[in-house]
Amino acid sequence: MALRNHSTITEFILIGLSADPHIEALLFVLFLIIYFLTMMGNLMMLLVIKADSRLHTPMYFFLSNLSFLDICFSSVTLPKLLEDLLSEKKTISVEGCLAQVFCVFFTSGTEACLLSVMAYDRYAAICHPLLYGQVMSNQLCVKLVLASWSLASLNAVVILLLGINMDFCEDQTIHHFTCELPALFPLCCSDISIHIKILLGASLLHGLGTFIPIFLSYAHIISTILSISSTTGRSKAFNTCSSHLIAVVLFFGSGFLCYLMPPSGSSLDLLLSLQ
């Protein structure tokens, strides 16, 4: 498909996180450490799950996919951010920017699906422990993961087509540290009302489509936990899903605010994207 919006400009300029070289140096060290810890932590998780046969269970199968996805997700934006923190001119090609838009939506969309699948896994483990092995069979786990990647890729293709069909004018400055579709809207010189509606619709459809199963799963989980008479039993049941619940709140909370609120270019937008 021809990229018809590239006749006027060939690259964008990212404003980054700061214009102060000293602050940029500190941020470079901070994000380099974060990126290194993210890579090492997730790679270690993958190796441990692969090596220990006792961890070859549905929960750890989903967790290993989530770890691999986290490596991909972080690698979409952090290497470019680290490069820009050391560069005076923070530029990215139009094609590279659209590729980053696609990868951000693809990886984040897959993560949303996996978090939803993991919520169902915790529901089956806590609410139907005797049938857990039959319900969460290996075949079903593989199908759920493949469905997560497929649905996210479909959503990302729709978002990419929106970016390809935008007409960019002379303004090249993206008021962000990375390429996200809402940050490209102010640079468009054609009517983008339909683009905004499609983005909101796709985000709502994918977001609510993955969040509602999580909500229903935890409604049953909480009901089951409250029916347990033993305090120790309730605590043990809650501990099996507490970390997943925290991840869900952080991911969906920042995600909904990022894509369902109009972009303002404020520090809050950057903070939510960093989260």
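1. A residue is buried if its relative accessible area is under 20%, exposed if over 50%, and partly exposed in between (1.4 Å probe, protein chains only). Ile9 has a relative accessible area of 4%, so Ile9 is buried.

2. This is a predicted model, with residues numbered from 1 along each chain as its sequence is written. Local features need pLDDT of at least 70, side-chain atom pairs count only at pLDDT 80 or more, totals for chains, interfaces and linings use all residues, and side-chain values use heavy atoms, with hydrogens and water left out.

3. Start with the overall build. The chain has 10 helices and 3 strands. These are DSSP runs numbered from the N terminus: helices are H or I with at least four residues, strands are E with at least two. From the N terminus, the order is β-α-α-β-α-α-α-β-α-α-α-α-α.

4. Next, the dimensions. The C-alpha trace spans about 65 × 40 × 30 Å along its principal axes. Of the 275 residues, 43% count as buried.

5. Back to Ile9. Ile9 sits in the segment before strand 1 (11–14). Contact means heavy atoms within 4.5 Å. Leaving aside neighbours within four places in sequence, Ile9 touches Val94, Phe168, Cys169, Glu170 and Gln172. Ile9 and Ser93 are 84 residues apart in sequence, yet their C-alpha atoms are 9.1 Å apart in space. For the chain, take contacts between residues at least 6 apart in sequence: 77% of them join residues at least 24 apart.

6. Is His206 buried or exposed? His206 counts as buried because its relative accessibility is 14%. His206 belongs to helix 7 (residues 193–226). The side chain of His206 reaches the backbone oxygen of Gly109 at 3.0 Å. Leaving aside neighbours within four places in sequence, the contacts of His206 are Gly109, Ala112, Cys113, Leu151, Ala152 and Asn155.

7. Which helices each supply at least two residues of the lining of the second largest pocket? They are helix 2 (58–85), helix 3 (94–127) and helix 9 (242–260).

Terms used: A polar contact is a pair of N or O atoms within 3.5 Å; within protein, one must be able to donate a hydrogen and the other to accept it, and residues adjacent in sequence count only if both atoms are side-chain atoms.
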